[in-house]
Amino acid sequence: MNMVSILKWLHNWIGFVISITMLIVLTTGVYLGSVDLLKRTDSLGQTFVPQTIEQKAETVAKVFERYPEMSTVRFPTEHTPYIQATTRGKAIALDSELNELANRASFDLPFYETAFWLHRNFLIDNGGKYINAWASLAGAIVTLIGIYLWWRVRNGFRLKQTLPKNTRSSSLLKSHIQLGLFISIPLFILCLSGFLITYNSLWTGALNQKPVTQSFPLSQSNDWLSQLNSAQQVWPDAELVSVSKPRSKPGKKPSPDMQGDAIKLQAQMFSIQFDEHPGVWLREADRISINHTTGVIESALKHSDRPLSGRIASFVRPLHDGLNMPASYVALITLVSLIGTGILSFSLVTFCRRTFGRKAKKAA
C-alpha cells in the first residue's frame, strides 16, 4: 500500500469516525452563527453619532451605577451605533439618552442553550468538551489530508461539479471534493481553534506579556472624565471604544488572606479598550489598565506591539466564534459551517454505500 492509498484510507475512516460529532458541531454552529449575525446587523433604529470624551465618561459612570452586574460598557461605533452594557450571555442596548432599546439574554432564545452546549460538549458535561476537542483536531488533520489528495489530482478540477447533479455516489463525491476545497482553509482554522479553546493552556501564556515601562499622564481619582482623557492622551489617534471591569467568577469567593481594602482596590482595576483604526479586524485589542480608585494608569499595550506569538494567540477565540470580529467574518464562518454540513453529509452517504453496501452484496 503506497502513501496515497494510506492517506485515502485515513481520510475516509477518520472522517467516518468523527462524522457524527462534526455534524453536531457544524449544524449547531450554523444556528449560533446565524443568531449572532442577526444581532449584529440589527441597528435597533439608531444612527451612528460619535460621542465626545465627556459623553463617554458620563455613560460609563451612569451605566455601571445602574447595572452593577454588567462587566463592559461599549460606546457607539459605525458597526454598532448604540451603547451596550454587556456581561457573559447578556447584553443591554441603550440609546444616547440611556433609554433601553433591547435587553437580550442569549439563553432565553429558543433552542439556544441546547445548541450552545451541544456545540461545546455534546450535553455530557466536562468530558464532552475533550471529546469535542479531539474530534476537532482529527477534523483539522482530515482537512489537511483532503487538500493534499486534491493536489494530487488537481487537473481534474471542474467548477460545474460543485453542486451534485443527482444522488449517485460519484456525483456526491465530486461535489464533496469541490466544496471541500473552497472551504478547506477556514474549516481547518475552525477545527484547530476549537481544539485550542479547550486546551487553552497551550497558548494563553503568550498573552501574558508585560507592557513596556513608560510614564503616563496623571488623572484624578474616581473621576471618569479625567481618567478617560488621560487614556486618550496615551493614544490620541485611536478610538476609545469600551471600558471593562473584572468579571467575577460564579461561586468564587475572595481569598481569606486578602484584606478588605485590597479586595476593593482589585475590583477597581478597569480596562479601557481602543481600536487603532476603523478597519481593524480584531476590535478592542489595544488596552490600557487603570486603577479607578487612585487614577493611576498601570499599563498600556497595543496589539501591534505584542510579539508574533501574542498576536497569534489573540486571534484563537475570535477566529472560532467571531468575538470582536466584523460581521462579515461571522457570515463567512457561518457559511463555512453550512457548506461543511453538506459535504460531510455527502461523504457519509458515499462512504456507507461503498463500504458497507459492498460488504452486504458479498455476504448475499
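Contact here means heavy atoms within 4.5 Å. In this predicted model, helix α7 (residues 224–234) lies across β5 (239–244), β6 (269–275), β7 (286–291) and β8, and runs at about 45° to β6. Those strands belong to an open sheet of eight strands.

**Sheet**

- The strand order is β4-β3-β2-β1-β5-β6-β7-β8, with antiparallel pairing.
- β4 (100–105) and β8 (296–301) are the edge strands; each has a single partner strand, so one side of each has no neighbour in the sheet.
- From one strand to the next, the twist averages 20°.
- Strands of a sheet pair through backbone hydrogen bonds, in either a parallel or an antiparallel sense.
- Five bridges join β2 (residues 83–87) to β3 (residues 90–94) in the antiparallel sense.
- Across from Gln84 stands Ala93 in β3.

**Second largest pocket**

- At least two lining residues come from each of α1 (3–17), α2 (19–41), α5 (125–152), α6 (169–198) and α11 (327–363).
- Helix α11 gives the largest share of the lining, with 13 residues.
- By residue class, the lining holds 20 nonpolar, 14 polar and five charged residues.

How values were computed: Residues numbered from 1 in each chain as written. Predicted model: local features only at pLDDT ≥ 70, side-chain atom pairs only at ≥ 80, totals over all residues. Heavy atoms only, no water. Helix = DSSP H or I, 4+ residues; strand = E, 2+ residues; numbered from the N terminus. Nonpolar A, V, L, I, M, F, W, Y, C, P; charged D, E, K, R; others polar. Pairing = 2+ DSSP bridges. Axes fitted to C-alpha atoms, helices over the stretch in contact; angles between N-to-C directions.
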